[in-house]
Number of protein chains: 2
Amino acid sequence: MSGRTRSTATISRVAEAAGVSRATVSRVMNGRSTVAPELAARVLAAAEALDYAPSPVARSLALGRTATIALIVPDLSNPMFQDVLRSLSLAAGEDGHRLLIAESNEHVEDEEILAIEARRRCDGIVLASPRLPTEDLRRLVPQLAPMVLINRKLPGSDVPSLSVDHGAGISDLVSHLLSLGHRKIVYLAGPPVAMSNVERLTALRRLSDNGRQFELIQLACGAMFDNGHAAAGEVMSTGATAVVAYNDMVAFGALSGLHELGVSVPDQISVTGFDDIPFARFTTPPLTTAAVPTGTLGRQAWEHLREQLQGHSSTQETDFRPRLLVRGSTGRTT
Amino acid sequence: MSGRTRSTATISRVAEAAGVSRATVSRVMNGRSTVAPELAARVLAAAEALDYAPSPVARSLALGRTATIALIVPDLSNPMFQDVLRSLSLAAGEDGHRLLIAESNEHVEDEEILAIEARRRCDGIVLASPRLPTEDLRRLVPQLAPMVLINRKLPGSDVPSLSVDHGAGISDLVSHLLSLGHRKIVYLAGPPVAMSNVERLTALRRLSDNGRQFELIQLACGAMFDNGHAAAGEVMSTGATAVVAYNDMVAFGALSGLHELGVSVPDQISVTGFDDIPFARFTTPPLTTAAVPTGTLGRQAWEHLREQLQGHSSTQETDFRPRLLVRGSTGRTT
DNA sequence: CGATCGTGAGTAACCGGTTTCTAGCAGGCA
DNA sequence: TGCCTGCTAGAAACCGGTTACTCACGATCG
């Protein structure tokens, strides 16, 4: 079928049809300076007739650039990475670049190969929350550059890094709770290995120790809905008046578990999350949380990458302060 | 910096280092049959020393294939497409293929260019819920093939198509509601232009007209949380005992709106969704819904694409029956 | 009017691989 | 010993573009 135009036209065929050299066709297709209008018209007519479009692969080889970038994420089911993906794709797309995506599935040992492999097919790479040990990451920089890191710093390197200031987010949440009169707060901890958990916990401890304005109780929990759900009973037995959950999912679980226990939120206990995933607005009651600016992360990642692609070395460590979103899940203590 | 190994090794450099021809290096790198063990070892040693890996771009040009496929989606923020993306990426990745992703942002006129552009950089394409008019789509088949359609049929073409059987899903939901004694059901309709809305509505009408077992009331609504939320009052004024929402988001909104009105679900009214997006399990009460097998869609899309890439033409129209998930949002009518 | 300059277009090298074709060499057989 | 066969490895063409270099031509200037 479609035997005619099939096996797409090449630049040689167009050159032949227009009676010019391949060089001239190339010049015309790229809007290059100097081609006589009459010739250019003939070339364009021939290209049109043959339904010709230059092969991106061949151009990539000749030009040494692919107009493509790659994003490596640990887990595509995480709403945070989905948002980054979306905004990165949008920003890069506006500048005519495609997005290649690879997921490591939280498999640390695949991350390196995946990144190298992906990087070789494109012009730059964004690593979102890489789990790779610092020394490995540092060793990879020459192979992967130009690159941008999200939620990971690499001190001493010249790799731009965009991170969330977890400490500031926690601080805002705690201030909010303190202003509502809470003096005994439970932290539902995330996975101990997660960097973000460590930072959130550290910030909480510092706030509790320094100000001595509230008592901090830490409960091992997890990162998922079910973990938060299961923790509801234990939370109540502490006698705390507020819960700071590791993230929104855990907070959802807690809300659900508390609801089943007949505990009213925020009347009897207040609950906060972290991340502001899309559904945080939609729980009952809507969740007070610290909004991680995922859209900004993706957009800025592209900005930094573009800088590097244009030769301007762009080194910078940026910390984004989450935005406190007060919703219905927090209230004044009785 | 890194001035030594910079500007990655080429096959020529390796050939030179090993004292052989480029052809021989190529044969060794591809594990080709006939190279004397002694030579092969020398080549491998040289490759190792120079940290050489063949350029994917150059290979793509020479071989005429890129080991990459593309996915075009209308909206990356839709959980359904996120799941398809995830499973497609996983399945293709297992067979050594990368995934290029492009989002049309529900902009129909961009869809065609986006698809053609993406297709030229890779070996095949998956179109998820394309909004393109049928004639346009049909015209594009030769340019885009090999391709696979998700949630869209193209009768008369030889393009494999994977769709959700909305009618069957609705039928299961209605049967469930009927078995609980409901006889007056409100449908919160989605966007009139959405194919899935048309199919769901058609199925509802057919069921209502044929069996005469229940009364169907249709309310214009939308596809988002807020639409469902806003419709709660109107729903109650109909006196219906059950709500079939266009999708899970609308159902969430309805749950939330009903909660605010002090209406108890499922005691006073039952609510069902459609899709089983990840958070459907986590609402209060958890949502009874029809689960669209997004994972299967992505995986099968790759299977069909792979078939075509291997030359076996794989034409087929498959309808996936959603799975009824009975949760807490539906109950016996009083 | 001749030398110079600027301009437009073609030639050929290059990007980094793969693969067909061919030549050389060793071994087997008559 | 001579010829045919089979295998290995190199030469060269090819994938489809881009671009440095070159050359011919007409215009400008002295």
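Me: What makes a residue count as buried here?
Reply: A residue is buried if 20 or more other C-beta atoms, placed from the backbone, lie within 10 Å of its own, exposed if 12 or fewer, and partly exposed in between. By that count, B:S196, B:N197, B:R200, B:L201, B:L204 and B:L207 of α9(B) are buried. This is a predicted model, in which local features need pLDDT of at least 70, side-chain atom pairs count only at pLDDT 80 or more, and totals for chains, interfaces and linings use all residues. Residues are numbered from 1 along each chain as its sequence is written, while chains are lettered from A and ligands numbered from 1 in the order in which they are written.

Me: Why is α9(B) called a helix, and what span do you expect for it?
Reply: Helices are DSSP runs of H or I with at least four residues, numbered from the N terminus (strands: E, at least two). α9(B) takes in residues 195-211, so 17 residues. The expected span is 1.5 Å times one less than the number of residues; for α9(B) that gives 24 Å, and the helix reaches 24 Å from its first C-alpha to its last.

Me: What covers the buried residues of α9(B)?
Reply: The cover includes α8 (166-179), β6, β7 and β8 of chain B.

Me: How do you know that α10(B) has a kink, and where is it centred?
Reply: The bend at a residue is the angle between axes fitted to the seven residues ending there and the seven starting there. In α10(B) the kink is about 40° and is centred on B:A232. B:A232 is also among the buried residues of this helix, along with B:F225 and B:V235.

Me: What makes the largest nonpolar core a core?
Reply: A nonpolar core is a set of buried Ala, Val, Leu, Ile, Met, Phe, Trp, Tyr and Cys residues joined through C-beta atoms within 7 Å. The largest has 158 residues, and A:A254 and B:A254 have the most contacts inside it.

Me: Which residues are in contact with A:A254?
Reply: Two residues are in contact if their C-beta atoms, placed from the backbone, lie within 7 Å. Leaving aside neighbours within four places in sequence, the partners of A:A254 include A:L188, A:A232, A:V243 and A:V271.
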